[in-house]
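Subject: A structure for you to look at

Hello,

Here is the structure I promised to send you. Please open it beside this email and follow along as you read.

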Amino acid sequence: MELWRTLFERAQERIGILAYAAVFLHETWPDFNELLASKRGEGCRVRILLGDPKSPVIAARGREEKYGHGIETRCRVALMHYLPLADSSGAEIHLHETTLYNSLFIGDDQMIVNAHVFGMNAYGAPLYHLRRVGDGGLFDVYAESFETVWEQSRPVRST
C-alpha cells in the first residue's frame, strides 16, 4: 500500500485511476477520498475511470475470474466510494465498458500498472512501477491507453 500512498500523495498535476473497481484503495486507506479532495483543491486534476456494473463486459470479466457477479458488486461499491468526490471536489468520475488488460494508477509522471491475468483476480496479478523518462516510452503507451478509455467513457453524477 505504501507505493500507492507515495504515488498519490506526491502528485501535483494529475491523478488518474483506470480500473474495474480497485476497492482495495478505500478498504485499506479510509481517508483516501480526503486525499483526493485535497489534491483537487490544490489544482491537481483527478480522474477516476470505473467499470460500469451494468456492462456485459464487466459480467464477462466476472465469469472469467470465476468470481461470478462479485465484480459488478465491487464496481458498485467503488462508485459509492468515489461519487461524493464528484460533487464536493470537482473530481471527474467516469464509467467505462472497456475490456481491461491492465489497471492503471497515475500520479504525475509515475504509474503503477496492474497487469491482468486471465482467470485471476487483479490482486493476484503482477504490478509494474513506471516512471516517465522521455517522450514515447512505455509510460506514454499506458498513458495513451488511459486517454483512449477516458474518451470512450461517460461521466457520472450522484444527483
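First, the ground rules. This is a predicted model, in which local features need pLDDT of at least 70 and side-chain atom pairs count only at pLDDT 80 or more, while totals for chains, interfaces and linings use all residues. Residues are numbered from 1 along each chain as its sequence is written, and side-chain values use heavy atoms, with hydrogens and water left out.

Let's start with helix H4, residues 56-64 (helices, H or I, of at least four residues and strands, E, of at least two are DSSP runs, numbered from the N terminus). Its buried residues are Ile58, Ala59, Arg61 and Gly62; buried means under 20% relative accessible area, exposed over 50%, and partly exposed in between, using a 1.4 Å probe and protein chains only. Looking down the axis of H4, these buried residues fall within an arc of 160°, so they line one face of the helix (the arc is that of the directions from the helix axis to the C-beta atoms). They pack against strand E2 (45-51) and helix H5 (70-88), with contact meaning heavy atoms within 4.5 Å. Exposed Pro56 and Arg63 sit on the face of H4 turned away from the buried side.

Next, find helix H3 (residues 32-41), whose axis comes within 10 Å of the axis of H5 and crosses it at roughly 25°. Axes are lines fitted to C-alpha atoms, for helices over the stretch in contact, and angles run from 0 to 180 degrees between N-to-C directions. That angle makes H3 roughly parallel to H5 (under 35 degrees counts as roughly parallel, over 145 as roughly antiparallel, 65 to 115 as roughly perpendicular and the rest as oblique). Phe32, Asn33, Leu36 and Ala37 of H3 make the contact with His81, Tyr82 and Leu85 of H5.

Beyond its neighbours within four places in sequence, Ser103 is in contact with Leu18, Ala19, Ile112, Val113, Asn114 and His116.

Ser145, in helix H6 (residues 138-152), is partly exposed, with a relative accessible area of 32%. Ser145 and Leu104 are 41 residues apart in sequence, and their C-alpha atoms are 9.2 Å apart in space.

Finally, Ala22 lies in the loop between strand E1 (14-18) and helix H2 (24-28), and at 13% relative accessibility it counts as buried.

Enjoy exploring!
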